[in-house]
Amino acid sequence: MGISLRPHHGMCFQFYEGKGYNADFTDHMGKIIKMLSDDPSQPVTLTAAGDAVCANCPNLHSGVCADQDKVGRYDAAALSLCGLTAGETIPYGDFIAVIKEKILDKGLRKQICGDCCWNGICKRKE
Ligand code: SF4
Ligand code: SF4
């Protein structure tokens, strides 16, 4: 079992530029991305619930995201397009690569999370 990650965070990570809900959240998210990027062979376990990133998010209440319906939709779509399943453990590098190949490179990101409050940032970097 590796560090837990919501599937849609595999998209967020590839656009991340240090912005987020507050300094605690961005410091934590930046550290997770660096730690995983430094050794992409590390295993990650895909979860459709609060993950390692959510742990420091002000929107997580009692382990549940305040926008769970919305982000649950993002997670389900990301899993489906990538042929992955919740609970699966895979190397971080493979996870990022499949998200890039099956979603980002095909221009499908916006149809998954175009209604996210950070869409403007990610759209600019596509
Ligand atoms: S728009 Fe939101 S959910 Fe989509 S990749 Fe960007 S930050 Fe993540
Ligand atoms: S908004 Fe929700 S899914 Fe996104 S990091 Fe915060 S708790 Fe997690």
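Modeller: The shell around ligand 2 has, by class, six nonpolar, one polar and two charged residues. This is a predicted model, in which local features need pLDDT of at least 70 and side-chain atom pairs count only at pLDDT 80 or more, while totals for chains, interfaces and linings use all residues. Residues are numbered from 1 along each chain as its sequence is written, and chains are lettered from A and ligands numbered from 1 in the order in which they are written.

Biologist: How do you know which residues are around ligand 2?

Modeller: A residue is near a molecule if its C-beta atom, placed from the backbone, lies within 6 Å of it. Around ligand 2 these are Arg 6, Val 53, Cys 54, Cys 57, Asn 59, Leu 60, Cys 65, Asp 67 and Val 71. Asp, Glu, Lys and Arg count as charged, Ala, Val, Leu, Ile, Met, Phe, Trp, Tyr, Cys and Pro as nonpolar, and the others, Gly among them, as polar.

Biologist: What surrounds ligand 1, and which classes does its shell have?

Modeller: His 8, Met 11, Cys 12, Phe 15, Tyr 74, Cys 113, Cys 116, Trp 118, Asn 119 and Cys 122 surround ligand 1. By class, its shell has eight nonpolar, two polar and no charged residues. With three residues, α1 gives the most to this shell; helices (H or I, at least four residues) and strands (E, at least two) are DSSP runs, numbered from the N terminus.

Biologist: What makes α3 roughly perpendicular to α4?

Modeller: The two helices pack at an angle of about 90°, with their axes 9 Å apart. Axes are lines fitted to C-alpha atoms, for helices over the stretch in contact, and angles run from 0 to 180 degrees between N-to-C directions. Angles under 35 degrees count as roughly parallel, over 145 as roughly antiparallel, 65 to 115 as roughly perpendicular and the rest as oblique. Therefore α3 is roughly perpendicular to α4.

Biologist: Which residues of α3 and α4 meet?

Modeller: Ala 78, Leu 81 and Cys 82 in α3 meet Val 98, Ile 99, Lys 102 and Ile 103 in α4, where contact needs C-beta atoms, placed from the backbone, within 7 Å. By class, six nonpolar, no polar and one charged residues make this contact.

Terms used:
Contact = placed C-beta atoms within 7 Å.
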